[in-house]
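Dear colleague,

Please look through it before reading the notes that come after it.

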Amino acid sequence: MITGGKIYPYDVLSDLPVKVTSIELVEPSGGTKTIPPNAIKNARLPLHVLGTEFPNWREVSFALECDVPAKDFAKVATDASNVDFVVALRDGASRSRWSVIGNKLPGGSRWIVTITLPRSSLRGSLELVPYLVRTADAAVPDATRAAHRGAIIGMATAIGVYVDEPATIPISGDVDVHWVSFSDDPLLKPMRDRMFVVDALGVRPIVKLNKDHDDLRRAMTSKSRQGQPQAALRQALYCYIVQEAFMSITFDALEQAKLATEEEGTPTFPVSDWKADALKRVLREVYRDLDPEAGLAKALELYKDQGNTAHLVSLFSSALQSTINVKKNLLKYLAGLP
């Protein structure tokens, strides 16, 4: 595809044919694990998942190839020998940028580049952005082609590399948090615009974070220091997810307690230990002067009348704020921070 106009006053290849030909993880001992290039899905490479069988890897190596058909290359340049294949690396955590220059292969318009990165320099996410750049002025100026040294004449879709997001993140032993592709899950696909959902139906509660939600991923993996706007946004988002997750869990537990109470005839907590514990934790904050069963009876009395829902949400919200403030490590584990 050719683009030009407002950004570039000349023709540019906007969809370079770039492919990853190899990915290798290297151990301190020198051992290697090869990851198939087709592991990149939708321009995403989740090393935190693909490297689980090789957890002590020291560095990662990528080989990329750019092979531009002659007829397409002729639209933007005539001299492939004066063009470099450059892969820019953008680190979202530190906001640093650097680049690697590839090698021109004999004949035609084909280049390769190898990028080796130490694990210690990677945090959160990294983008590999391929470009074609002129290395010399064109011998003869052209109205539609870039003629000056340093001109970008081609670019490709950035490849996102995710390094330190565990597939499962424990929250203080209470909840499992998973990064899940909502678009790939038939049950979650209708909710693919949501940031997260809470699954309270299993033997343990699970918070499923939408890994296809770019804004969520960007905020959750931000390494901005305290006091910076991004850090404040990240902290607010953590608190929101924790509160919403436990609010959902609490109301699910209350519904289970309602059914159990109707069956037993007396205030009865859910059979599930974790649901009973979650509900008791909140009720202790809401009704501090009452024993658990009496607190449950009052909560169920409010729960029976839908007109009291807003009041009950307010009570639970205040109680959960206290719980979150006490368990500050919930936020740390939710983010998967070290």
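The notes below describe what was found, going from the whole chain to particular residues.

Please bear in mind that this is a predicted model. The protein chain has 338 residues, of which 42% count as buried. Its secondary structure consists of 8 helices and 17 strands. Of the contacts between residues at least 6 apart in sequence, 65% join residues at least 24 apart. The chain exposes about 17700 Å², and carbon and sulfur atoms supply 52% of that area.

Strand S3, residues 18-26, pairs with S4 over 4 bridges in the antiparallel sense. Within this pairing, Ile 23 has Ile 35 of S4 as its bridge partner.

Strand S6, residues 59-67, contains Glu 65. This residue is buried, because its relative accessible area is 12%, under the 20% cut-off. The side chain of Glu 65 makes a polar contact with that of Arg 110 at 3.2 Å. Other residues that Glu 65 touches include Pro 17, Val 18, Lys 19 and Trp 111.

Turning to the aromatic residues, a search of the whole structure finds 4 aromatic pairs. Phe 73 and Trp 111 form a tilted pair, with 6.1 Å from centre to centre and 45 degrees between the planes. Phe 73 belongs to helix H2 (residues 70-73) and Trp 111 to strand S10 (residues 110-118), so that the pair links parts of the chain 38 residues apart. Both Phe 73 and Trp 111 are buried.

The pair of Phe 196 and Tyr 240 is edge-to-face, because the ring planes stand at 80 degrees, with centres 6.0 Å apart. Phe 196 lies in strand S16 (residues 196-199) and Tyr 240 in helix H4 (residues 229-264), so this pair ties together parts 44 residues apart in sequence. Phe 196 is buried, with a relative accessible area of 9%, whereas Tyr 240 is partly exposed at 41%. Elsewhere, ring pairs link Phe 251, Tyr 303 and Phe 316 into a cluster.

Charged residues also lie over rings. Lys 104 is placed over the face of Trp 111, 5.8 Å from the ring centre. The charged end of Lys 280 sits over the ring of Phe 269, at 5.0 Å from its centre.

Yours sincerely

Terms used: Residues are numbered from 1 along each chain as its sequence is written. This is a predicted model: local features need pLDDT of at least 70, side-chain atom pairs count only at pLDDT 80 or more; totals for chains, interfaces and linings use all residues. Side-chain values use heavy atoms; hydrogens and water are left out. Two strands pair if DSSP finds at least two bridges between them. Helices (H or I, at least four residues) and strands (E, at least two) are DSSP runs, numbered from the N terminus. Buried means under 20% relative accessible area, exposed over 50%, partly exposed in between (1.4 Å probe, protein chains only). Contact means heavy atoms within 4.5 Å. Accessible areas come from the Shrake-Rupley method with a 1.4 Å probe; for residues, only the protein chains shown count as cover. A polar contact is a pair of N or O atoms within 3.5 Å; within protein, one must be able to donate a hydrogen and the other to accept it, and residues adjacent in sequence count only if both atoms are side-chain atoms. Rings of Phe, Tyr and Trp (its six-membered ring) pair if their centres lie within 6.5 Å; planes under 30 degrees apart count as stacked, over 60 as edge-to-face and the rest as tilted. A charge sits over a ring if NZ of Lys or CZ of Arg is within 6 Å of the ring centre and within 35 degrees of the ring normal. Lists of a residue's contacts leave out its neighbours within four places in sequence.
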